[in-house]
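Subject: A structure for you to look at

Hi there,

Here is the structure I promised to pass on. Please open it alongside this note, and I will walk you through what turned up.

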Amino acid sequence: MHTLTAITAGLSTPSSTRQIAEQIAQATSERLADGGREADVSVIELRDLAADLAAAMTSGGLLTPQLQRAIERVTQSDGLILVTPVFKASYSGLFKMFFDALDAQAIVGTPTVIAATAGSPRHSLVLDYSLRPLLSYLRATIMPTGVFAATEDFGGAESGALTARIAKAGGELAQAIAGSAPSAPAGEESFLGLLDQHAGG
């Protein structure tokens, strides 16, 4: 049994951010099932941890039991799906607070799909300019295919392309979880090298 955890930073109910997280999780589970593997899937709603995260940030890192359980689930997962709404051209503050609460080594090497939702397609570069650098710093193994969904992608003419991208990302994650990780995106290794040089200097 593989453990798969989706982290969603959506604030509304219902949440398009959670919807994308669940769709990627389903695509991943289906691909694992095709290979005879089962997945134990859970979703962590960061809005339910907002007070816990604020307390951790203002108490020197002390974790509430609820936040501790969420972090343990993440650190013990075989695969992660991370989805945030776009606020001010980047990931949300709530999303960042959760990763600030993680130990720097918590998700090293963990296969991870990054995804984001926004009202406009003009924010699609958030995957490469915000999410990928953050997860590269934490040394997660980021899947080549990220998922971005604008409002018009839900139920419109673009919904087919979104569905195909979700399926591709889920397939990559399933492959990585099963032990045959896809190649890292071009430039990722050099990006990590720059981080190492900066840390060493």
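This is a predicted model: local features need pLDDT of at least 70, side-chain atom pairs count only at pLDDT 80 or more; totals for chains, interfaces and linings use all residues.

Residues are numbered from 1 along each chain as its sequence is written, and side-chain values use heavy atoms, with hydrogens and water left out.

Back to the turn. Alanine 89 is not a glycine, yet its phi is positive, at about 70 degrees. With 49% relative accessibility it is partly exposed (buried means under 20% relative accessible area, exposed over 50%, and partly exposed in between, using a 1.4 Å probe and protein chains only). Lysine 88 in the turn also has a positive phi, of about 50 degrees, and the two strands β3 and β4 form a hairpin with two residues between them.

Strand β3 (residues 79-87) has eight of its nine residues buried, so the rest of the structure largely encloses it. Its pairings are as follows (two strands pair if DSSP finds at least two bridges between them):

- β1 and β3 run parallel and are joined by five bridges; isoleucine 7 has leucine 82 in β3 as its bridge partner.
- β3 and β5 (residues 111-118) also run parallel, with six bridges; here proline 85 stands opposite threonine 117 in β5.
- β3 and β4 (residues 90-91) are antiparallel, with two bridges; valine 86 has tyrosine 91 in β4 as its bridge partner.

Histidine 2 belongs to strand β1 (residues 2-8). It is buried, as its relative accessible area is 15%. Its side chain makes a polar contact of 3.3 Å with that of arginine 37 (a pair of N or O atoms within 3.5 Å; within protein, one must be able to donate a hydrogen and the other to accept it, and residues adjacent in sequence count only if both atoms are side-chain atoms). Apart from neighbours within four places in sequence, the residues in contact with histidine 2 include Leu32, Asp78 and Ile177 (contact means heavy atoms within 4.5 Å).

In the loop between β1 and α1 you will find proline 14. The peptide bond between threonine 13 and proline 14 is cis, with omega about -5 degrees.

Next, the helix packing. The axes of α1 (residues 16-34) and α6 (residues 159-177) come within 7 Å and cross at roughly 50 degrees (axes are lines fitted to C-alpha atoms, for helices over the stretch in contact, and angles run from 0 to 180 degrees between N-to-C directions). Residues making this contact include Ile20, Ile24 and Leu32 of α1 and Ile166, Gly170 and Ile177 of α6.

Also in α1 is glutamine 19, which is partly exposed at 35% relative accessible area. Its C-alpha atom is separated by 9.2 Å from that of threonine 8, 11 residues apart along the chain.

Key:
Helices (H or I, at least four residues) and strands (E, at least two) are DSSP runs, numbered from the N terminus.
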